[in-house]
Amino acid sequence: MSMMPGWEQQAYSTMGQELDGRADPAEVNYREAEDPEMACAECLNFLPPDQCGVVAGKVNPAGVCDAFTPAEESESPMEDMNE
Ligand code: SF4
């Protein structure tokens, strides 16, 4: 059962594509993200608009996989100036 018809087809578009040294989405349990703060769009490996540095094929910004790494190092660059 899928909330968004076609989502999986879009997310798993590696059919016939080369993995290019990256992981197959199925291997890293690529799926639709339940938490928007833990999704490709917030991941260090995400390469906008639809690529990932470690997972092959097109990824969806609203997806997530087991290799998720939060990219929140420079949340607020201005904060340094408050000291
Ligand atoms: S969660 Fe991160 S590592 Fe996993 S597919 Fe998305 S961008 Fe790539």
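I number residues from 1 along each chain as its sequence is written. The model is predicted, so I took local features only at pLDDT of at least 70 and side-chain atom pairs only at pLDDT 80 or more, while totals for chains, interfaces and linings use all residues.

**Fold.** I looked up the secondary structure and found one helix and four strands. Helices (H or I, at least four residues) and strands (E, at least two) are DSSP runs, numbered from the N terminus. Along the sequence I read the pattern α-β-β-β-β.

I then checked burial. A residue is buried if 20 or more other C-beta atoms, placed from the backbone, lie within 10 Å of its own, exposed if 12 or fewer, and partly exposed in between. Buried residues make up 22% of the 83 residues.

For contacts I required C-beta atoms, placed from the backbone, within 7 Å. Of the contacts with a separation of 6 or more, 64% join residues 24 or more positions apart.

**Ligand.** I listed 14 residues around the ligand (C-beta atom, placed from the backbone, within 6 Å). Cys40, Cys43, Phe46, Cys52 and Cys65 come nearest.

**Ala67.** I located Ala67 in the segment after strand E4 (63–64). Is Ala67 buried, exposed or partly exposed? Ala67 is partly exposed, because 18 other C-beta atoms lie within 10 Å. Beyond its neighbours within four places in sequence, Ala67 is in contact with Val28, Asn45, Val54 and Val55. I also looked up the pair Ala67 and Val28: they sit 39 residues apart along the chain, yet their C-alpha atoms are separated by 6.6 Å.

Key
Contact = placed C-beta atoms within 7 Å.
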